[in-house]
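This briefing is meant for a reader who is meeting the structure for the first time. Please look over the sequence and the model before reading on.

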Amino acid sequence: MTATLNRVSQSYLDTTGDRELYEAAHRYLGERTDLFALCRRPVLLHNDFHEGNVIVAQTPEGPVVSGLIDVENAMAGDPVADLAKTHSYSIRGNRVKLDALFEGYGEVPVEWERRFRLFELVQSFELWDFFCGAGMRDKLDPLADELRAITAAD
């Protein structure tokens with residue numbers, strides 16, 4: 001995560017010159033590296049879970065996940081990273097959806113809120129970098145605002 005943050009936040013800094021957010025992000029992560037030790041073991045991460053990448057089949061027993069698409073970002077890592085991205089992209093504070101996510105996942109991860117924010121920090125810089133490269137300039141300022149909110153939390 002540190003290496004990923006270094007890469008994508010450097011791109012942000014090079015593009016915007018916003019050293020304040022860049023340094024705040026690195027400080028935030030640096031003060032919370034102990035949270036990475038909570039990962040019991042790395043697992044295969046999809047690294048892009050949202051409704052558009054999950055195939056659901058309707059069965060007589062109800063909906064069942066039958067497949068996943070868009071695995072180009074797959075990697076090994078903390079399973080909380082996938083949960084955090086799902087939270088960031090699809091749940092956005094909806095308690096009913098969050099409870100359903102944890103019910104399907106099983107045991108609620110230790111320190112999940114702090115870990116989610118840590119992963120969301122890195123993931124938001126990745127998304128900023130993607131939007132910038134794709135020319136989606138209208139999404140950059142709101143995402144930078146989200147990054148500022150994350151670094152101000154906790």
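Is E126 buried, partly exposed or exposed? The model is a predicted one, and in it E126 has a relative accessibility of 22%, so it counts as partly exposed, given that the buried class covers values under 20%.

**Surroundings of E126**
- E126 is part of helix α5, which spans residues 112–133.
- When neighbours within four places in sequence are left aside, the residues in contact with E126 are T4, R7, V8 and K85.
- Although 120 residues separate E126 from N6 in sequence, their C-alpha atoms are 11 Å apart in space.

**Strands β2 and β3**
- Strand β2 (residues 54–59) and strand β3 (residues 62–68) run antiparallel and are joined by six bridges.

**The protein as a whole**
- The protein has six helices and four strands, and from the N terminus on its elements follow the order α-α-β-β-β-β-α-α-α-α.
- Its radius of gyration is 16 Å, close to the 15 Å that the globule rule gives for 154 residues, so the protein is as compact as a globular protein of that length.
- Along the principal axes, the C-alpha atoms of the protein fill a box of roughly 55 × 35 × 25 Å.
- Of contacts between residues at least 6 apart in sequence, 67% join residues at least 24 apart.

**Surface and charge**
- Buried residues account for 40% of the 154 residues, while the protein exposes about 8800 Å², of which carbon and sulfur atoms supply 53%.
- The protein carries 16 positive and 26 negative charges, whose mean positions are 3 Å apart.

Conventions:
Residues numbered from 1 in each chain as written. Predicted model: local features only at pLDDT ≥ 70, side-chain atom pairs only at ≥ 80, totals over all residues. Heavy atoms only, no water. Helix = DSSP H or I, 4+ residues; strand = E, 2+ residues; numbered from the N terminus. Buried < 20%, exposed > 50% of the residue type's maximum accessible area, 1.4 Å probe, protein only. Contact = heavy atoms within 4.5 Å. Pairing = 2+ DSSP bridges. Rg over C-alpha atoms; globule rule 2.2 N^0.38 Å. Areas by Shrake-Rupley, 256 points an atom, 1.4 Å probe, with all protein chains shown as cover. Lys, Arg positive; Asp, Glu negative; His and termini not counted. Charge placed at Lys NZ, Arg CZ, Asp CG, Glu CD.
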